[in-house]
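Open the structure in your viewer and keep the selection tool at hand. This tour goes stop by stop, and each stop says what to select next.

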Amino acid sequence: MAEESIRVGPNDRGPRPSAPEGFVTVAKTSDVPEGAIKYVDVGGVPVALCRVGGELFAVGNLCTHDGGPLSGGSLEDHAIECPRHGARFDVRDGHVVCLPAAAPIPSYAVRVEHDQIQVKVR
Ligand code: FES
């Protein structure tokens with residue numbers, strides 16, 4: 001019987017050398033209202049900012065199934081849904097909530113300084 005290989009998405013390649021270290025300002029708090037998803041590029045790392053229950057989360061923007069842009073999807077409670085084939089991930093830690101994705105997306109530390117959203121990708 002042939003062994004099945006697990007398909008991993010474009011997020012499975014570790015931090016990029018060009019990615020900035022430490023917290024980086026990426027948006028204003030007003031840019032991410034409740035229930036919204038906003039795409040930001042953090043030194044070449046694609047990140048989706050989400051706000052749920054007043055709390056901000058930062059996760060990788062690329063679906064691990066086939067690279068769909070999660071910021072083009074939808075957010076329901078803490079689950080972000082890929083617009084391509086419907087995989088869902090929990091924005092609190094990136095774990096898979098619904099197939100077809102099998103691997104989690106990265107989750108990043110996020111904080112607010114005054115009205116500035118800051119994300120740490122490495
Ligand atoms: S690319 Fe996201 S579910 Fe297929």
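A nonpolar core, as used on this tour, is a set of buried Ala, Val, Leu, Ile, Met, Phe, Trp, Tyr and Cys residues joined through C-beta atoms within 7 Å. A residue counts as buried if 20 or more other C-beta atoms lie within 10 Å of its own. One caution before you start: this is a predicted model.

**Stop 1: the core**

Select Val 47, Ala 48, Leu 49, Cys 50, Val 59, Ile 80 and Val 119. These residues have the most contacts inside the largest nonpolar core, which has 28 residues. Now color by element. Strands β2 (37-42), β3 (45-52), β4 and β10 each give two or more residues to this core. Which of them gives the most? It is β3, with 5 residues.

In general, nonpolar side chains tend to be buried together in soluble globular proteins.

**Stop 2: Cys 50**

Zoom in on Cys 50. Leaving aside residues up to four places away in sequence, Cys 50 touches Ile 37, Phe 57, Leu 75, Ile 80 and Val 91.

**Stop 3: the six-stranded sheet**

Follow the order β1-β10-β9-β4-β3-β2, an open sheet of 6 strands with antiparallel pairing. Look at the edges, β1 (23-28) and β2: each has a single partner strand, so one side of each is left without a neighbour in the sheet. On average, neighbouring strands of this sheet are turned by 35° against each other, direction ignored.

**Stop 4: from β3 to β4**

Select β3 and β4. They pair in the antiparallel sense over 6 bridges. Their hairpin has 2 residues between the strands. Click on Gly 53 there: its phi is positive, near 60°.

**Stop 5**

Check Val 59, which stands opposite Ser 107 in β9. Then check Ala 58, which stands opposite Tyr 108.

**Stop 6: from β9 to β10**

Move on to β10 (residues 116-120). It runs antiparallel to β9, and 5 bridges join the two. Pick Glu 113 and find its bridge partner in β10, Gln 116. β9 and β10 form a hairpin with 2 residues between them. His 114, in the turn, has a positive phi of about 55°.

**Stop 7: the four-stranded sheet**

Clear the selection and pick β5, β6, β7 and β8. These 4 strands form an open sheet in the order β5-β6-β7-β8, with antiparallel pairing. The edge strands are β5 (74-76) and β8 (96-98), and each pairs on one side only. From one strand to the next, the twist averages 30°.

Finish with β6 (residues 79-81) and β7 (residues 88-90). They pair in the antiparallel sense over 3 bridges. Select Glu 81, whose bridge partner in β7 is Arg 88.

Definitions and conventions. Residues numbered from 1 in each chain as written. Predicted model: local features only at pLDDT ≥ 70, side-chain atom pairs only at ≥ 80, totals over all residues. Pairing = 2+ DSSP bridges. Axes fitted to C-alpha atoms, helices over the stretch in contact; angles between N-to-C directions. Buried ≥ 20, exposed ≤ 12 C-beta atoms within 10 Å, placed from the backbone. Contact = placed C-beta atoms within 7 Å.
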